Amino acid sequence: MKKYIDYILEQAEKLISIDSPTGFTEKVCDYLMEEYTRLGYTPVKTVKGGILVDMGGLGNGLVLMAHTDTLGAMVAEVKGNGALRLSPAGGLNANNIEGENCRIYTYDDRIYTGTIQLINASIHVNGEYNDKKRSFDTIEAVIDENVKNAEDTERLGIETGCFVCVEPRTRITETGYIKSRFLDDKLSAAILLGYAKYLKDNNITPSRKVYEHITVFEEVGHGASATIADEVTELLSVDMGCVGEGLKCTERQVSICVKDSAGPYHYDVVKKLVSTAKENKIDYAADIYPHYASDADAAISGGADAKHGLIGPGVYASHGYERSHRDGVENTLRLIAAYV
């Protein structure tokens, strides 16, 4: 199992290094198309830009879903001082991006760097620094170019709608902790790659029809709302497991979600996931997520007539500078393999 965990962590680092906020996912999906092909599969890019991969098997179709769109921002306005007012893409939170470096992508494929700062960010000048509420009205992106006004910035090709991507700062410690932005959900996308590699390496044909679906609009709620084949009877979203006060899951476990903000997951699926974890001595926790919705929820809302479930490695500080652990990755991979 170790070689698959090593492969997953390697792929997670590669995926995270490719900027891909919701609406700007073409490059990361091109990479995934190449990697699935290298593993021996025939991936198909959907009209929406996601990836669908037939893993083999017959009957009782199951879709394993993860998403590769992340949080980010777009230029909402080039300000008079040449800095950028931002609009979030997905659930990016202004409270935890202050002081982060970023990349700005223009429509003609130029890339500039910058830093997201509080407006009037010098504490020796701004007497209201500590009291100022952080919001997208009070922060701005400062560009690492000699710009003094809006015209200077616009001459660089930067204008409304250009994507602004926060640097992920990925670190994997000797103790196995994985620290980075965007573990939600590139860590689980890498886990699905690891499962795909496991099947090929061991010449395993699933005992049922299995697809992997990498979606690209999960962070705005409609990632898996389409592209569900009629033969599919079950949906399993592989996303981040929530870690926080009031929940049992840790970063070293696989989380089985029993209910989120959209309602309960299908009881048959939850029971089978729990019994599978117990039978295979997989370290798991069952939890209710109070502020969450998944690709499986989107597929059900989109009309899929299927049972649905949600699992994932425990991730702390979700939508911020997140942390998980390789044990959580291993437990998730083992649960997928045993469950399928």
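A salt bridge is a side-chain nitrogen of Lys or Arg within 4 Å of a carboxyl oxygen of Asp or Glu. This is a predicted model, in which local features need pLDDT of at least 70 and side-chain atom pairs count only at pLDDT 80 or more, while totals for chains, interfaces and linings use all residues. Residues are numbered from 1 along each chain as its sequence is written, and side-chain values use heavy atoms, with hydrogens and water left out.

Q: Why is the pair Arg 252 and Asp 327 called a salt bridge?
A: The closest N and O atoms of Arg 252 and Asp 327 are 2.8 Å apart, and the cut-off is 4 Å, so the label applies. Arg 252 is in the loop between E14 and E15, and Asp 327 is in helix H7 (residues 326-339), 75 residues apart. Helices (H or I, at least four residues) and strands (E, at least two) are DSSP runs, numbered from the N terminus.

Q: Why does Arg 252 count as partly exposed?
A: Buried means under 20% relative accessible area, exposed over 50%, and partly exposed in between (1.4 Å probe, protein chains only). Arg 252 has 36% relative accessibility, so it counts as partly exposed. Asp 327, at 26%, is also partly exposed.

Q: What makes Glu 251 and Arg 323 a salt bridge?
A: Their closest N and O atoms are 2.7 Å apart. Glu 251 lies in the loop between strand E14 (241-243) and strand E15 (254-260) and Arg 323 in strand E19 (residues 322-325), so the pair ties together parts that are 72 residues apart in sequence.

Q: Is Glu 251 buried or exposed?
A: Glu 251 has a relative accessible area of 10%, so it is buried. Arg 323, at 30%, counts as partly exposed.

Q: Why is Glu 100 called buried?
A: The relative accessibility of Glu 100 is 8%, so Glu 100 counts as buried. The side chain of Glu 100 meets Arg 169 in a salt bridge (2.6 Å, N to O), and Arg 169 is partly exposed at 33%.

Q: How many salt bridges does the structure hold?
A: The structure holds 22 salt bridges.

Q: What is the angle at which the axes of helix H1 and helix H2 cross?
A: The axes of H1 (residues 2-17) and H2 (residues 26-39) come within 11 Å and cross at roughly 155 degrees. Axes are lines fitted to C-alpha atoms, for helices over the stretch in contact, and angles run from 0 to 180 degrees between N-to-C directions.
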